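This report describes one protein model for a reader who is new to structural terms. Please view the sequence and the structure together while reading.

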Amino acid sequence: MIARYGVQLEKGPFERRTADFLWMMIFGALTLLVLSAIPIFWSPFLGISLVFMLVYVWSREFPNANVNIYGLVALKAFYLPWAMLALDVIFGSPIMPDLLGIIAGHLYYFLTVLHPLAGGKNILQTPRWVHKVVARWRIGAPPPSSQTQHAPGTGGTTFRGRSYRLSG
C-alpha cells in the first residue's frame, strides 16, 4: 500500500516537492506518537496507522479514482479509508490504529489544503531544516531553479493552486 499510494502521491501532488512529502510523513509520525500517548488512543504499533494516514491523504488528493477492494467491490477513492476500516472491523482487527491514521491524515490535509483554500494561512508549512536535509542528502528531484527563463509577460510566477477536471 505504501508503494502504490505513496508513489502516486510522489508522482502527483508532491512531484518535485520531496521535502513536503518527507514533512508529511514526519508530521504524521509525530502526530501518531502524540495521539497514542493519550490512554484512549493508545496503540503499541503505529505502522498500520502511518499507512492509513498515507491512504487517507491519497484518497483526498485523488477522490474520483476508481478502486477495487479484493476484486469484489468498486468504489471511489474518497471512500477507501472508510471501506478499509470497515473490512478491518469485519475481520476482527483492532479499530484504533486505523482511526489514528485517519485522524492524522485528516489533520495534515486540513492544515495544508482545506484551511488555506478557505482563505486561512498555511499553518503547516514545511520547515527550512527539512528542505536542507533533502538538499544535503540529494533526495528526490532538485527544486526548480530560480535562474530558469520565463516566458515573456509571465513575470516568473507560477500558479500553485489545486485544480480538478470537471466531467461533463
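The lining of the second largest pocket in this predicted model divides into ten nonpolar residues, one polar residue and two charged residues. Here Ala, Val, Leu, Ile, Met, Phe, Trp, Tyr, Cys and Pro count as nonpolar, Asp, Glu, Lys and Arg as charged, and the others, Gly among them, as polar. Of the 13 lining residues, Met1, Ile69, Tyr70, Met84 and Leu87 lie nearest the centre of the pocket. Helix 1, strand 1 and helix 4 (80-90) each give two or more residues to this lining, and helix 4 gives the most, with four residues. The space in the pocket is about 230 Å³.

A pocket is an open set of points on a 1 Å grid over the protein atoms alone, where a 1.4 Å probe fits, with protein on both sides within 12 Å along at least five of seven lines; lining residues have an atom within 4 Å of a point. The volume is the space filled by probe spheres set on the points, which are joined across faces, edges and corners. Helices (H or I, at least four residues) and strands (E, at least two) are DSSP runs, numbered from the N terminus.

Strand 1 (residues 66-69) runs antiparallel to strand 2 (residues 73-76), and four bridges join them; two strands pair if DSSP finds at least two bridges between them. Ile69 stands opposite Val73 in strand 2. Tyr70 lies in the loop between strand 1 and strand 2.

Most residues other than glycine have a negative phi.

| Residue | Phi | Location | Relative accessible area |
|---|---|---|---|
| Arg138 | about 50° | segment after helix 6 (128-137) | 74% |

How high is the mean pLDDT of the protein chain? The mean is 87, and 83% of the residues reach 70 or more; pLDDT is the predictor's confidence in each residue, from 0 to 100. Over residues 146-157, pLDDT stays under 50, and the model has one contact beyond four places in sequence for them, a contact being heavy atoms within 4.5 Å. Where pLDDT is low, the predicted coordinates should not be read in detail.

Residues are numbered from 1 along each chain as its sequence is written. Local features need pLDDT of at least 70, side-chain atom pairs count only at pLDDT 80 or more, and totals for chains, interfaces and linings use all residues, while side-chain values use heavy atoms, with hydrogens and water left out.

Definitions and conventions: Buried < 20%, exposed > 50% of the residue type's maximum accessible area, 1.4 Å probe, protein only.
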